[in-house]
Each structure stands twice: as C-alpha cells, then as structure tokens.
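Reader: I would like to go through this structure with you and ask, term by term, what stands behind the words used for it.

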Amino acid sequence: MERDSLTKIYKEMLDEKIISALAENKGIDLRKAMDIYYQSQLAEQIHEGRYGIENMDYKYLVEDLIENEPELFK
C-alpha cells in the first residue's frame with residue numbers, strides 16, 4: 001500500500017476511536033458524538049495533519065476536545 005493510503009486509513013480509524021470514546025465519555029449516542037466531532041476544530045486539525053496531532057492517543061484527544069471546545073456540547 002502507498003503511504004497516503006495508509007495515512008488515510010489510520011486517520012479514519014482514529015476518527016472512529018475518538019467518536020466511540022466521546023460517546024462513552026459523555027453518555028451520548030454515536031450519531032450525536034459523530035456530529036460533535038466532525039464540527040470540531042480537532043477533526044479539522046487531524047485531517048489536515050496540523051501539529052502532528054493525529055499521532056496523539058485518541059483518549060487524550062477526546063479529553064482535549066471536551067476541554068477546549070465546550071460550545072459543541074450545548
């Protein structure tokens with residue numbers, strides 16, 4: 001596989017882990033967690049590869065999202 005393909009698959013798996021952990025952490029359904037995540041700056045940063053953030057642990061990224069983007073949970 002090409003590096004770009006592997007990177008895309010890795011980011012998709014990271015998205016899934018973040019959404020699942022977010023749903024569990026906040027006690028919300030997966031659809032709501034998905035909506036929140038894809039509206040976040042975090043999702044944008046991951047998909048643009050900014051700051052190497054996609055290499056961080058998904059659990060930390062969920063905590064970061066909750067702490068730094070509380071307006072998404074209203």
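Author: Helices H1 and H2 cross in a right-handed manner, a crossing being left-handed if the near helix is turned anticlockwise from the far one by less than a right angle, and right-handed if clockwise. This is a predicted model, in which local features need pLDDT of at least 70 and side-chain atom pairs count only at pLDDT 80 or more, while totals for chains, interfaces and linings use all residues. Residues are numbered from 1 along each chain as its sequence is written, and side-chain values use heavy atoms, with hydrogens and water left out.

Reader: Why are H1 and H2 called oblique to each other?

Author: Their axes, which are lines fitted to C-alpha atoms, for helices over the stretch in contact, with angles from 0 to 180 degrees between N-to-C directions, come within 8 Å and cross at roughly 120°. Angles under 35 degrees count as roughly parallel, over 145 as roughly antiparallel, 65 to 115 as roughly perpendicular and the rest as oblique, and H1 and H2 are therefore oblique.

Reader: Which residues make the contact of H1 with H2, and how do they divide into nonpolar, polar and charged?

Author: With contact meaning heavy atoms within 4.5 Å, H1 contributes Asp15, Ile18, Ile19, Ser20, Leu22 and Ala23, and H2 contributes Leu30, Ala33, Met34, Ile36, Tyr37 and Tyr38. They divide into ten nonpolar, one polar and one charged, where Ala, Val, Leu, Ile, Met, Phe, Trp, Tyr, Cys and Pro count as nonpolar, Asp, Glu, Lys and Arg as charged, and the others, Gly among them, as polar.

Reader: What makes Gln45 buried?

Author: Gln45, which has its place in helix H3, has a relative accessibility of 17%, and buried means under 20% relative accessible area, exposed over 50% and partly exposed in between (1.4 Å probe, protein chains only), so Gln45 counts as buried. Leaving aside residues up to four places away in sequence, Gln45 touches Arg50, Tyr51 and Ile53.

Reader: Why is Gly49 called partly exposed?

Author: Gly49, in the loop between helix H3 (41-48) and helix H4 (58-68), has a relative accessible area of 32%, and is therefore partly exposed. Not counting residues up to four places away in sequence, Gly49 touches Lys11 and Glu54.

Reader: How confident is the predictor, on average, in the protein?

Author: On pLDDT, the predictor's confidence in each residue from 0 to 100, the protein averages 95, and 99% of the residues score at least 70.

Conventions:
Helices (H or I, at least four residues) and strands (E, at least two) are DSSP runs, numbered from the N terminus.
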